[in-house]
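Biologist: Hi! Could you bring up the protein and walk me through it?
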Amino acid sequence: QVQLVESGGGSVQAGGSLRLSCAATGSTYRPCQMGWFRQAPGKEREGVATIIRFVDATYYADSVKGRFTISQDNTKATVYLQMNSLKPEDTAMYYCVTGPLRATCTSSDYGFAANFDNWGQGTQVTVSS
């Protein structure tokens, strides 16, 4: 069972920046991919960004492209989300997620439509205008 430890949320004014971190511990295998989802009050949960293990291939929601950057430290099984030029509509609870933890991954394990086996508790991001 993998544990996800998130940090870095908070409050910022529009145009500001925040950096989220998520460390995955407790598993022999690295997740096929790690990433972030978010959910704002009254809205559906949406994928924000994911990154494939070891190769750094990334996926982004259209709403954050050019503003958010996902990266990883493979030695630490940690993923980061650098959020710049934040907007009030970015206000949401942000959840760290992992894909399957196994030796072999396939293309179906990548992107927002893949299965996400583990979810963090969430970290709040609030952007004021």
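Biologist: How many helices and how many strands does the protein have?
Modeller: This is a predicted model, and in it the protein has zero helices and eleven strands. Read from the N terminus, the elements run β-β-β-β-β-β-β-β-β-β-β.

Biologist: Okay, and which strands form the open sheet?
Modeller: Four strands do, in the order 1-3-8-7, with antiparallel pairing.

Biologist: Which strands stand at the edges?
Modeller: Those are strand 1 (3–7) and strand 7 (68–73). Each has a single partner strand, so one side of each is left without a neighbour in the sheet.

Biologist: And by how much are neighbouring strands turned against each other?
Modeller: By 15° on average, if you ignore direction.

Biologist: Let's zoom in on strand 1. How many bridges join strand 1 to strand 3?
Modeller: Five bridges join them. Strand 3 covers residues 18–25, and the two strands run antiparallel. As an example to look for, Glu-6 stands opposite Cys-22 in strand 3.

Biologist: Switching to the whole protein: what radius of gyration does it have, and what would a compact globule have?
Modeller: The protein has 14 Å. A compact globule with 129 residues would have a radius of gyration near 14 Å, so the value agrees.

Biologist: What does the C-alpha trace span along its principal axes?
Modeller: About 45 × 25 × 25 Å.

Biologist: What percentage of the residues is buried?
Modeller: Buried residues make up 45% of the 129 residues. As for the surface, the protein exposes about 6,500 Å², and carbon and sulfur atoms supply 46% of that area.

Biologist: What about contacts between residues 24 or more positions apart?
Modeller: Taking the contacts with a separation of 6 or more, residues 24 or more positions apart account for 59% of them.

Biologist: One last stop, Asp-117. Where is it found?
Modeller: Asp-117 is in the loop between strand 9 (92–98) and strand 10 (118–119).

Biologist: Why does Asp-117 count as partly exposed?
Modeller: Its relative accessible area is 46%. Buried means under 20% and exposed means over 50%, so a value in between counts as partly exposed.

Biologist: Which residues is Asp-117 in contact with?
Modeller: Leaving aside its neighbours within four places in sequence, Asp-117 is in contact with Thr-98, Gly-99, Pro-100 and Leu-101.

Biologist: And what separates the C-alpha atoms of Asp-117 and Ile-52?
Modeller: They are separated by 15 Å, while Asp-117 and Ile-52 are 65 residues apart along the chain.

Definitions and conventions. Residues numbered from 1 in each chain as written. Predicted model: local features only at pLDDT ≥ 70, side-chain atom pairs only at ≥ 80, totals over all residues. Heavy atoms only, no water. Pairing = 2+ DSSP bridges. Axes fitted to C-alpha atoms, helices over the stretch in contact; angles between N-to-C directions. Rg over C-alpha atoms; globule rule 2.2 N^0.38 Å. Buried < 20%, exposed > 50% of the residue type's maximum accessible area, 1.4 Å probe, protein only. Contact = heavy atoms within 4.5 Å. Areas by Shrake-Rupley, 256 points an atom, 1.4 Å probe, with all protein chains shown as cover.
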